[in-house]
Every structure is written in structure tokens, then in C-alpha cells.
Amino acid sequence: MFEKILYAVAVSSLILSYCKDRDRTKKGLKKAWKSFVNVFPAFAGVLALMGLVLTVMSADVISRFIGHGTGFWGMLTTSVIGSVTLIPGFIVFPLAASLLEKGAGVAQIAVFISTLMMVGIVTAPLEIEYFGRKETLLRNAFSFVFSFVVAGVIGMVIS
Amino acid sequence: MKRIKPYMLLIIVAAADVLLLFVNFDLGTRVIRSTGLNFAQMLGVIPPIFLLIGLLDVWVPREKVIKFMGEGSGITGVLLGILLGAAAAGPLYAAFPVAAIMLKKGAKFTNILIFLGAWSTMKIPMFLFEMASLGYAFAAARWLLSLTGILFMSWIINKLMSDGEKQSIYKKHSGALEGK
């Protein structure tokens, strides 16, 4: 669905641009290609890494970890899993809902979702390529700590 | 060596995949299949994004971006960062090239961090789905907390980075798209 919209927007923009100014459009396409080629090695590496990590850390494996952990150590385990892996939202939320039903704590689920979305160890090589080591380190470290704040507050609000 | 170096990660992972095939054939084949799917997914999302980036590069004047998201854009830049990030869909890695073109056009570093933060965890399509799965209170509480946290983190990360470090990031992207 999202892809279709994205393609529709991109293609219609391209047509519009081409009608308005042919040379400029060609220049834009060249720039697009250039920036793609520049990051392709890093992209390919990260995608391969994702393929490896995601398969080894499947939803089954994750639920086994989260199902057991309670309290702070449980949250720590959950957050580490969340930081490493990247699971699309449409899988995460139902998984999280079923874990809640099985008795996982709200705070643990919150830390899992937040780290999953904000902290990306697997994508770090790509982020470094774009924004350097320091930004990558700071953004991920802060997001990791922040996920515990989110979990703490959500645990208090919802119980 | 210089041409191989960017591919180091890919080479290491591919070697690990091959090794895994020998150790555990079943898991190895699943890894290779899932890697294939990842590449297919990338080929789905990445071409239109780069196409749009290329077009933005030639059509959106730098002055406009500076005015709305640059130094001195104030609250407008912050709101735009949140809005553009939250309206998006797709994995965070798709946000990096978009952020890069915004940097190139002179957007403020803090606003870029806000944009990345919003894209990572405040996306509206995701929020709707989270609400449906985990309930209104959970999703809304997390969204509002994320908003506060992202604003704070972006501000502090920007403070922790020296001008030189930021300049080198800007410089990298001003060249990367010029076709040097």
C-alpha cells in the first residue's frame, strides 16, 4: 500500500518535472543515481546483516526471551533484543499484543517497541555513513536510555 | 583495496552466511531467503525515494529550505521536522537519504535530528496500527512521550556535537550529491 503511493508520487513528480523542464529533470535523475551509487555498498551490507540477524532472532525466539523475563533484568533483555533487531510494525504490534496476553509486563513491551523503532545497531553502519560516528553513537545511546523512561512512565500510567 | 573497503560489511556477512550453511543448512537457507527478501524490499522502497530526492535537489531552492528549516526558522522548522517525519512510512534507513538532502539544502542540524526521531517512532500509520493492537492509552502515551523525548534528545545531541563535527557532516552531503 505504502509502496504504491510512494511510486505514484514519484512517477507523477517525474512526469511533471519532465514536462516542465527536461534538462533539469535529467540533472535530477543523475543526482539521484549518483547518491544511490554512493551509499549502495553500505546499504547492501546492512541489508545482508538484517537478513542474518532477523532470521536467527525470529519472532519465536524473541517471545521466548520476553516471556521469561520480569522486572528490570527482563526489561534489559528486552531492550537489547529490541536494539539489535528490526521488525516491521505490522509484525511487532500483534506480537506485542499476544505477549501482553501471555502475561508480559506493559513496561517490558513498551521498552521493546521503543528500542525496536529508535535504536538500530544493525543499521548503524549506514547511519555512520550518513551522519558520522558521533551522531550515530549519541542518537542510539540516548534513544536506548529514553526507551526506559518511556517504559517507566507507561508502566505507571497503564496498570 | 579502496574499492573493496566500502563492501567490507557485505563481504563479512556473506562469509558468515556461507559458514552458517555448513554448520546448520536449514538455518542457512532461511537466512539466504530472508536476505533475498530484504533486497527485494529495498528495491521496492529505495528507487522512488532516491528519485524524489533527485527531483527535490533540482527543484527546491536552498533559500526555501533555509527559510523554513534552517538556522532561525524557529518553531516552524521544529514542526516541519516532526510533521515530515511522522507523515512518512517505511524503515528508518529510508529516512537517512532524505535527511541528507535536507542537510544539503541547509536545514538546521537539530531539525534533522527531530525529523529522524519522528520518522523512527512517531509515524502516523504506525501509530494507528499500534492503537488497534495495544490500545489507545498505550499508543497515545508512547506517542506523546516520544514527542517530548525526541525534542529533548535532539536539542542535547546538537549541543554535544561540536561545530566542526557538524560542519564535516554538512560538507560530506554538499559534495555527495554534486557529482564530484
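Student: How many helices and how many strands does chain B have?

Tutor: Chain B has nine helices and zero strands. A helix is a DSSP run of H or I with at least four residues, a strand a run of E with at least two, both numbered from the N terminus. From the N terminus on, the order in chain B is α-α-α-α-α-α-α-α-α. Keep in mind that this is a predicted model: local features need pLDDT of at least 70, side-chain atom pairs count only at pLDDT 80 or more, and totals for chains, interfaces and linings use all residues. Residues are numbered from 1 along each chain as its sequence is written, while chains are lettered from A and ligands numbered from 1 in the order in which they are written.

Student: Which residues does A:Met75 touch, not counting residues up to four places away in sequence?

Tutor: They are A:Ala107, A:Gln108, A:Val111, A:Phe148 and A:Ala151. Contact means C-beta atoms, placed from the backbone, within 7 Å. The C-alpha atoms of A:Met75 and A:Ile109 are separated by 8.3 Å, at 34 residues apart along the chain.

Student: Why is A:Phe146 called buried?

Tutor: A:Phe146 has 23 other C-beta atoms within 10 Å, so A:Phe146 is buried. This residue is in helix α7 of chain A. Leaving aside neighbours within four places in sequence, A:Phe146 is in contact with B:Gly149 and B:Met153. The C-alpha atoms of A:Phe146 and A:Val111 are 9.0 Å apart.

Student: Why are α2(A) and α7(A) called roughly antiparallel?

Tutor: Two packed helices are described by the angle between their axes and the distance between the axes. The axes are lines fitted to C-alpha atoms over the stretch in contact, with angles from 0 to 180 degrees between N-to-C directions. Here helix α2 (residues 22-56) and helix α7 (residues 124-157) of chain A cross at roughly 160°, and their axes come within 8 Å. Under 35 degrees is roughly parallel, over 145 roughly antiparallel, 65 to 115 roughly perpendicular, the rest oblique. Therefore α2(A) and α7(A) are roughly antiparallel.

Student: Which residues make that contact?

Tutor: From α2(A) come A:Val39, A:Ala42, A:Phe43, A:Gly45 and A:Val46; from α7(A) come A:Pro125, A:Leu126 and A:Glu129. By class there are six nonpolar, one polar and one charged. Ala, Val, Leu, Ile, Met, Phe, Trp, Tyr, Cys and Pro count as nonpolar, Asp, Glu, Lys and Arg as charged, the others, Gly among them, as polar.

Student: How many residues of chain B are in contact with chain A?

Tutor: 61 residues of chain B are in contact with 66 residues of chain A. α2(B) gives the most to the chain B side, with 20 residues. That side divides into 42 nonpolar, 13 polar and six charged residues.

Student: What share of chain B counts as buried?

Tutor: Of its 180 residues, 41% count as buried.

Methods
Two residues are in contact if their C-beta atoms, placed from the backbone, lie within 7 Å. A residue is buried if 20 or more other C-beta atoms lie within 10 Å of its own, exposed if 12 or fewer, and partly exposed in between; C-beta atoms are placed from the backbone.
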